[in-house]
Amino acid sequence: MSIALPPAGRPLLLGLAGIGLALALAAGPVLDALGAADDIAAARDRLARAQAAAAAAPVPAPLSAADETSLAVAFRTRLDALAAGRSATVDGAGLQPDPARPTLPRLSASLRGTAEGLHGLLAALETEAPLIVPEEAVLSVERPADPEISRATVMRLTLTVRGVLLPAPTTGRPAPGGTP
């Protein structure tokens, strides 16, 4: 069963089909242009982030040394220097090798001082070069304050951080006794 179209309906139907086909063909480039605009906006955003990162101040280098002894000495020297300008004292510092991460040994320290002094010391460790980021910090009261004799509270800070052991520099020459 077919429906007979009036003679004037066929050209109208063909005209509508032609317009529909033209719209379908034109929609492809229009949608591509809209997609390209989104890609351009994303690329501009990435460029702005890259420019902001390039303009930012460089991140301080982490505490590092060529061997464990040098790393422990550098850590103790850094702590002593920071404690000297604050109400803090370094009671001890050492190195504990980590077999799971041989190039990132643990460094530990025990410090005493006022809450303000230890807070300033920790803030300096985390923001000033060489960068030292605490892995664990335990704060406890060593001696409570005594207002009668104007004695401040003395706090104890047990600190664990990670240092970086740098690989030995490689030269083009063989080691003594080695073959070229």
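pLDDT is the predictor's confidence in each residue, on a scale from 0 to 100. For this chain the mean pLDDT is 81, and 86% of residues reach 70 or more. The model is a predicted one: local features need pLDDT of at least 70, side-chain atom pairs count only at pLDDT 80 or more, and totals for chains, interfaces and linings use all residues. Residues are numbered from 1 along each chain as its sequence is written, and side-chain values use heavy atoms, with hydrogens and water left out.

Helices and strands here are DSSP runs, numbered from the N terminus (helices: H or I, at least four residues; strands: E, at least two). Confidence is highest in strand 3, at a mean of 91. Confidence is lowest in strand 6 (residues 164-165), at a mean of 76. Where pLDDT is low, the predicted coordinates should not be read in detail.

Four strands build it, in the order 2-3-5-4. The sheet is open, and its pairing is antiparallel. Two strands count as paired if DSSP finds at least two bridges between them. Strand 2 and strand 4 (134-143) are the edges, each pairing on one side only. From one strand to the next, the twist averages 15°. Strand 4 and strand 5 run antiparallel and are joined by eight bridges. Strands of a sheet pair through backbone hydrogen bonds, either parallel or antiparallel.

Now the helices on the sheet. Angles run from 0 to 180 degrees between N-to-C directions; axes are lines fitted to C-alpha atoms, for helices over the stretch in contact. Contact means heavy atoms within 4.5 Å. Helix 2 packs on the sheet and touches strand 2, strand 3 and strand 5. Its direction makes about 165° with that of strand 2. Helix 3 also packs on the sheet, touching strand 2, strand 3, strand 4 and strand 5. The direction of helix 3 makes about 15° with that of strand 5.

Buried means under 20% relative accessible area, exposed over 50%, and partly exposed in between (1.4 Å probe, protein chains only). The largest such core has 22 residues. Phe 75, Leu 79, Leu 111, Leu 121 and Leu 125 have the most contacts inside this core. At least two core residues come from each of helix 2 (68-84), strand 2 (88-96), strand 3 (106-113), helix 3 (115-127) and strand 5 (154-162). Helix 2 gives the most, with five residues. Take Leu 111 as a probe of the packing. Beyond its neighbours within four places in sequence, Leu 111 is in contact with residues including Leu 79, Val 90, Leu 118, Leu 121, Met 155 and Leu 159.

Next come the charges. A salt bridge is a side-chain nitrogen of Lys or Arg within 4 Å of a carboxyl oxygen of Asp or Glu. The structure holds seven. In one of them, Asp 91 pairs with Arg 112, the closest N and O atoms being 2.9 Å apart. Asp 91 lies in strand 2 and Arg 112 in strand 3, so the pair ties together parts 21 residues apart in sequence. Both are partly exposed: Asp 91 has 35% relative accessible area, and Arg 112 has 31%. A network of salt bridges links Asp 91, Arg 112, Glu 142 and Arg 156.

Glu 135 forms another salt bridge, with Arg 106, at 3.3 Å between the closest N and O atoms. Glu 135 lies in strand 4 and Arg 106 in strand 3, so this pair ties together parts 29 residues apart in sequence. Glu 135 is partly exposed at 40% relative accessibility, as is Arg 106 at 29%.

Helix 1 (residues 9-55) has a local pair. Arg 49 forms a salt bridge with Asp 45, with closest N and O atoms 3.5 Å apart. The two are four residues apart in helix 1, so about one helical turn separates them. Arg 49 is exposed at 51%, whereas Asp 45 is partly exposed at 43%.

Finish with the loops. Gly 85 is found between helix 2 and strand 2, and is exposed at 66% relative accessibility. Its C-alpha atom is 8.6 Å from that of Gly 117, 32 residues away along the chain. Pro 130 sits in the loop between helix 3 and strand 4. The peptide bond from Ala 129 to Pro 130 is cis, with omega near -10°.

Technical notes
Core = buried A, V, L, I, M, F, W, Y, C linked by side-chain atoms within 4.5 Å.
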